[in-house]
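Good morning, and thank you for joining. Please take a moment with the sequence and the model before I go through the domains, the sheet and the charged pairs.

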Amino acid sequence: MKIAFFSYKSYDKEWFNKTNVDFGFEFKYFRVALDEETVAYAKDSDAVCVFVNDKLNREIIEKLHSYGIKLIVLRCAGFNNVDLEAAQEFGISVRRVPAYSPEAVAEHAVALIMTLNRKIHRAYGRVRDGNFSLSRLTGFNVNGKTVGVVGTGKIGMMFANIMKGFGCNILLYDKYPNKAYETEGVRYVELTELLKSSDIVSLHCPLTPETSHLMNQYTFSLLKDGAMLVNTSRGGLINTRAAIDALKSHKLGYLAMDVYEMEEGLFFNNLSDTIINDDLISRLLAFPNVLITSHQAFFTVEALEQIAAVTLGNIKDFVEGKNSDNEVKL
Ligand code: NAI
């Protein structure tokens, strides 16, 4: 089984090669992302292994089909970048890693909240520069605050439980609520109430046509003045221009993001010697109350181990003709 591996980074290669000793597949690693120009690299392979910013639209899937490819393995949970209808039409199975480490993402969301709130990133730089002043480093107690969790799946509930441990009041919203999650201080409400009542709102639902720009000019207007918004899910959940307006008008007090609407081509790359042509991210980076990490919420040893093991297991199941719960269907 030959697998064309797109968008690889050194850590991918390290973990996949280590885990592949038990499987014996043949990997061809490509640094470039899968798109209309690079799809030809997949010729002579039986499968492609892709990540969050690889493109799998109809045109590309049709090309993959013409090369005889029958399997797309995603080494991530989200599959919003795959045209599932096209994959089904061309008889290509799509398999993913549904949960590699929900703890990793939930813990990163908490790290973002605490860093932004207590201004650790600014204090770190100051102290190293011999500046021991506390001026403008004031934070707020998280204990006793109301935290709204949008999307109560694996990551959302892991996050909710950590925040409950901080002594927060938790409001949940999900399209498919699970009433069993309601305990003392944790209850489901409508999205509007969650946005109006929360001091911190954290997004944990997938990006779908329905959730695209869930945070927009209108929903920002519902927030409490000075609220904090955290997005570790997918960039497209937030209308970036509306977020900038909400920050400029002081409606939004803090914004922490691990994902960005236009992250493709930016995130995961070292662009420190180049001119960044994206004016929206440049504007965001200029706010003192915005904290951005580059899609690293998943990035723990435990998650990398799990991603490699489950992805290779998905390929093995496919080769052996086994159905799998990790198969993504329409
Ligand atoms: P999950 O599938 O366990 O949970 C998603 C939840 O969202 C479900 O409870 C579902 O009912 C809910 N949902 C679906 N549509 C909704 C809607 N319209 N409104 C409100 N809720 C809705 O997924 P999991 O594992 O918790 O992951 C959540 C998201 O986190 C993924 O979709 C992915 O985009 C993102 N993610 C980000 C990573 C990072 O490194 N930043 C890593 C892994 C996942």
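I begin with the overall layout: the centres of domain 1 and domain 2, taken over C-alpha atoms, are separated by 30 Å. Domain 1 comprises 2-100 + 300-319 and domain 2 comprises 102-292, with the bounds coming from an automatic or database domain assignment. Before going further, I note that this is a predicted model, in which local features need pLDDT of at least 70 and side-chain atom pairs count only at pLDDT 80 or more, while totals for chains, interfaces and linings use all residues. Residues are numbered from 1 along each chain as its sequence is written, and side-chain values use heavy atoms, with hydrogens and water left out.

Let us turn to the interface. Domain 1 and domain 2 bury about 920 Å² between them, 57% of it on carbon and sulfur atoms; buried area here is the accessible area (1.4 Å probe) that two parts lose on being put together, summed over both. On the side of domain 1, K9, N53 and N80 lose the most area to domain 2, and together they account for 48% of what that side buries. How many salt bridges are there between domain 1 and domain 2? The count is 0, where a salt bridge is a side-chain nitrogen of Lys or Arg within 4 Å of a carboxyl oxygen of Asp or Glu.

Next, the sheet. An open sheet is formed by 7 strands in the order 8-7-6-9-10-11-12, with parallel pairing. Strands are DSSP runs of E with at least two residues, helices are runs of H or I with at least four, and both are numbered from the N terminus; two strands pair if DSSP finds at least two bridges between them. Strand 8 (186-188) and strand 12 (290-292) are the edge strands, each pairing on one side only. From one strand to the next, the twist averages 15°. Within this sheet, strand 6 (residues 146-150) and strand 7 (residues 169-173) pair in the parallel sense over 5 bridges. The bridge partner of V149 in strand 7 is L172.

K164 touches I170, T183, E184 and V186, not counting residues up to four places away in sequence; contact means heavy atoms within 4.5 Å.

Finally, the charged pairs. Side chains of opposite charge can pair when their charged atoms come close. The count comes to 13 salt bridges. One of them joins the side chains of E327 and R95, at 3.5 Å, N to O. E327 lies in the segment after helix 11 (301-319) and R95 in strand 5 (residues 93-95), so this pair ties together parts that are 232 residues apart in sequence. E327 counts as buried at 19% relative accessibility, and R95 is buried at 3%. R95, E327 and K329 are linked in a network of salt bridges.

E182 forms a salt bridge with K179, with the closest N and O atoms 3.7 Å apart. Here E182 is partly exposed at 29%, whereas K179 is exposed at 55%.

How values were computed: Axes are lines fitted to C-alpha atoms, for helices over the stretch in contact, and angles run from 0 to 180 degrees between N-to-C directions. Buried means under 20% relative accessible area, exposed over 50%, partly exposed in between (1.4 Å probe, protein chains only).
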